[in-house]
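Please read them with the sequence and the model side by side.

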Amino acid sequence: MGFSLSPAIMGLKAMFLCVLVSVLFGVLFNVFKDEAHLPPANLDPGYNLLTLHLPLVRGFPVEIVATLFDTWPFSSFLARKSEKDNGFDAMRSFATTLWHYKPTFLPMVTPTAAQTKSAQDEVKKLNETMHALAGAVPSSSKGKFRYFTSADYVSAYKSGSTTPVEVAKSIMAFIKSSATSNPPLNHVVEVQDNKVIALAEASAKRWKAKTPLSAIDGVPVLVKSEIAVEGHKLTAGTQYLGKTPEERDATCVSRLRAAGVLIIGIANMHEYGAGVTGFNLWFGTPRNPYNVTHFTGGSSSG
């Protein structure tokens, strides 16, 4: 009759499991001691950033932890503990305060009569600016906001009816005026005038010499604030990211720059891109240029 090692191995595994359970409980109670708390209602909204101390677990211990999360009675306790440490209990508590609101599937803005009049004036100013960019607008588009394509700009540069410098100056002037309008459009969060003019002047020289770098040379572009642009801050729509300017362009930006594109600045966005309305508490919510009493939508709201 042979001797089986299975019971001995199973016993060792059980002892090892008990030791790991004890260690794990110590980790959960001592390492994950920071908890998320909602700010008091009388404070301005802000971030509650926590420094989390996460243990590094790899290999066989990961299998043990995963088994514990999936095994009663550990699963129930560990799930509740993890949810509390990560603030999910606070989220559930906050959600109960919203139950009496009826759901809405559209971003709603209810302007006053004065805001509506101001918005109509801003649309008029916008039309005048866009007319100046590329000459007369077809009669079918008069009185309406018109979206100009890269072909419109290139055609104007070829004909000499306008130049990249004139376009850059007009756009920057409009951005500044729109930031102080009522309501502000909030499309752009950062522009560096000297850099824009330098790009525009270089593009204008190329068009004058009939040597454009590409079919989009001189076309104005805004870059979403979650993409790195050298010299600009990458905030991703937040208040705490982007404390220092980026040292180099993202690949897509560097290729646009090599094609001669006018990088006007950084476009606004829904904070962290975590929504579809474009709402941004820190930089303002971008308004729809077709109807400034509405949002643009998001997350690429600028």
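1. β4 and β5 form a hairpin, with 2 residues between the two strands. Strand β4 covers residues 287-288 and strand β5 residues 291-295, and they pair in the antiparallel sense over 2 bridges, where pairing requires that DSSP finds at least two bridges between two strands. Within this pair, asparagine 288 stands opposite asparagine 291 of β5.

2. A word on the basis of these notes: the model is predicted, so local features need pLDDT of at least 70 and side-chain atom pairs count only at pLDDT 80 or more, whereas totals for chains, interfaces and linings use all residues. Residues are numbered from 1 along each chain as its sequence is written, and side-chain values use heavy atoms, with hydrogens and water left out.

3. The secondary structure of the protein comes to 9 helices and 5 strands, both taken as DSSP runs numbered from the N terminus (helices are H or I with at least four residues, strands are E with at least two). Along the sequence the pattern reads α-α-α-α-α-α-α-β-α-β-α-β-β-β.

4. An open sheet of 3 strands has the order β1-β3-β2, with mixed pairing. Its edge strands are β1 (188-191) and β2 (220-224), each of which pairs on one side only. Neighbouring strands of the sheet are turned by 40° against each other on average, direction ignored. β1 pairs with β3 (residues 262-267) in the antiparallel sense over 3 bridges, and valine 191 has glycine 265 of β3 as its bridge partner.

5. Which residues touch the most other members of the largest nonpolar core? They are Tyr153, Ile171 and Ile264, in a core of 18 residues; such a core is a set of buried Ala, Val, Leu, Ile, Met, Phe, Trp, Tyr and Cys residues joined through side-chain atoms within 4.5 Å. Two or more residues each come from α6 (150-159), α7 (164-179), α8 (193-208) and β3, and α7 gives the largest share, 6 residues. A second, separate core of 6 residues includes Val223, Val229, Ile263 and Ile266.

6. α7 and α8 pack at an angle of about 155°, with their axes 7 Å apart; the axes are lines fitted to C-alpha atoms over the stretch in contact, and angles run from 0 to 180 degrees between N-to-C directions. The two helices α7 and α8 are therefore roughly antiparallel to each other, a term used for angles over 145 degrees. Among the residues that make the contact are Pro164, Val165 and Met172 of α7 and Val196, Ile197 and Trp207 of α8, contact being heavy atoms within 4.5 Å. By class, this contact has 9 nonpolar, 1 polar and 4 charged residues (Ala, Val, Leu, Ile, Met, Phe, Trp, Tyr, Cys and Pro count as nonpolar, Asp, Glu, Lys and Arg as charged, and the others, Gly among them, as polar).

7. Glycine 237 is found in the loop between β2 and α9 (251-258). Is glycine 237 buried or exposed? Glycine 237 counts as buried because its relative accessibility is 0%, buried meaning under 20% relative accessible area and exposed over 50%, with partly exposed in between (1.4 Å probe, protein chains only). Not counting residues up to four places away in sequence, glycine 237 touches Ser225, Met269, Glu271, Asn280, Trp282 and Phe283. Glycine 237 and phenylalanine 283 are 46 residues apart in sequence and 7.4 Å apart in space, C-alpha to C-alpha.

How values were computed:
Parallel < 35°, antiparallel > 145°, perpendicular 65-115°, else oblique.
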